[in-house]
Amino acid sequence: MSNDDAQYRKHYNIKGNGQQSIVKMQTNTGHTIQTDIPQKMGGKDTAPQPVEYLLSALIGCTQATSIYMSDE
């Protein structure tokens, strides 16, 4: 990786605690994320399911990559 590429390098850290079906996470970028599962699966349905965040991340990464590549 060249020195020019180093400016684009990112580091992420997420710490979380789970209690029953709910997991609360804190990112090193200052954001809080919470997941839960539906009541019919034994959860409380108080937050998106982990798979919803996974799919959202895929869509968000695709969009961010498209914007980054179109600016080149």
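Met 69 has its place in helix H2 (residues 50-70); helices (H or I, at least four residues) and strands (E, at least two) are DSSP runs, numbered from the N terminus. At 52% relative accessibility, Met 69 counts as exposed (buried means under 20% relative accessible area, exposed over 50%, partly exposed in between, with a 1.4 Å probe and protein chains only).

A word on the model: it is predicted, local features need pLDDT of at least 70, side-chain atom pairs count only at pLDDT 80 or more, and totals for chains, interfaces and linings use all residues. Residues are numbered from 1 along each chain as its sequence is written, and side-chain values use heavy atoms, with hydrogens and water left out.

Now let us turn to the sheet. Three strands make up an open sheet, ordered S1-S2-S3, with antiparallel pairing; two strands pair if DSSP finds at least two bridges between them. Strands S1 and S3 are the edge strands, and each pairs on one side only.

| Strand | Residues |
|---|---|
| Edge strand S1 | residues 14-19 |
| Edge strand S3 | residues 32-35 |

S1 also pairs with strand S2 (residues 22-27) in the antiparallel sense, over six bridges. Within this pairing, Gly 16 stands opposite Met 25 in S2. The hairpin of S1 and S2 has two residues between the strands, and there Gln 20 takes a positive phi near 55°.

How many of the six residues of S1 are buried? The number is zero, so S1 lies largely in the open. In a regular strand, side chains alternate between the two faces of the sheet.
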